[in-house]
Amino acid sequence: MMVPPLSERPVTEEDEEQFRRESMPRTYTLRQRWADYRADAKANRPKGAKDRVRAWLHVEPFYWGMRAAYVVLVVGAVFAVYINGVAEGWWHAWGEKPTVAATTPAARPAPSASSSTEAAMSGGYQIGPDGVLVRPAEHAASTYTKPELPEEAKENTERGAELAAEYYHALMGYSWNTGDTSALLGISDPDSTFATSYADDVAELYSNGWAYGSESEISHIVRVEPIPENGNDVRPNTIAVVFQLSSRTGVMCQGQKIVKRDREYQSLLTLYMTWQNDHWIETQGSLIADASK
């Protein structure tokens with residue numbers, strides 16, 4: 001079969017359009033180029049890890065640029081998320097330390113003695129803010145009445161000295177149950193070691209505790225008699241008064257420890273009452289208690 005030369009073949013419009021399309025420069029997009037690169041790289045990927053690293057490093061400048069662009073995009077995205085998180089308060093800025101107010105929990109209030117449901121307890125007693133058990137309100141110091149000095153005790157007689165000694169004994173119990181020793185010391189000589197020692201014991205007790213329920217009764221008057229002056233520790237116009245007592249200690253608190261003693265015990269109270277400046281004062285004293293109490 002004879003094929004005529006091209007110059008002799010008729011040229012149609014379809015031939016011209018096909019010629020134009022084939023003669024136009026081919027458009028090679030970046031996406032197509034990257035797809036070709038990935039396909040070629042996958043086909044020619046080295047087998048070993050060492051060879052892969054070497055192959056990854058030895059690439060054309062174009063692909064290095066692509067890698068750098070991806071790194072910049074990732075870093076920029078991470079930085080944008082970080083900046084937005086700081087602005088929204090999701091986390092603190094780099095190097096910023098949280099303030100104490102933001103991290104320290106609020107301090108708990110000290111337990112209140114008046115709280116009935118949440119107050120700390122020990123042995124049935126509430127613990128006060130100072131760490132000492134709270135004294136029951138029904139046994140408060142205000143429930144005790146201060147003794148009064150009888151009128152006859154203001155007379156310079158043996159009977160007056162006896163009544164003044166009874167008043168002194170009542171003040172001892174009042175001081176122990178309330179912590180108030182002012183009245184007791186008011187009718188005691190400043191040099192009386194018995195009075196100052198007793199007041200010191202009361203002050204020590206109430207510095208970290210309290211007491212109530214202490215009871216003492218004069219069960220017998222042993223003697224009431226004048227004591228001759230000796231120029232030493234016995235002053236003029238001194239009368240010795242000796243009582244036999246029946247007593248109960250009651251309840252004592254020291255810190256968070258409670259001691260309760262209801263058993264009755266016996267003791268001897270000796271008071272030297274001296275008439276001085278128109279009234280009786282205690283100048284000496286002693287209290288001998290039953291050792292088995």
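**Close-up views of a predicted model**

View 1. Leu268 lies in strand β8 (residues 265–276), where strands (E, at least two residues) and helices (H or I, at least four residues) are DSSP runs numbered from the N terminus. The model is predicted, and local features need pLDDT of at least 70, side-chain atom pairs count only at pLDDT 80 or more, and totals for chains, interfaces and linings use all residues. Residues are numbered from 1 along each chain as its sequence is written, and side-chain values use heavy atoms, leaving out hydrogens and water. With a relative accessible area of 37%, Leu268 is partly exposed, a class between buried (under 20%) and exposed (over 50%), for a 1.4 Å probe and protein chains only.

**View 2. Ser267 in strand β8.** Ser267 is also found in strand β8, but counts as buried at 5% relative accessibility. Leaving aside residues up to four places away in sequence, Ser267 touches Phe243, Gln244, Leu245, Ser247, Leu287, Ile288, Ala289 and Asp290, contact meaning heavy atoms within 4.5 Å.

**View 3. The open sheet β3-β6-β7.** Three strands, in the order β3-β6-β7, form an open sheet with antiparallel pairing, two strands being paired if DSSP finds at least two bridges between them. The edge strands, β3 (209–212) and β7 (257–261), each pair on one side only. Between β3 and strand β6 (residues 250–254), the antiparallel pairing runs over four bridges, and Tyr212 has Val251 in β6 as its bridge partner.
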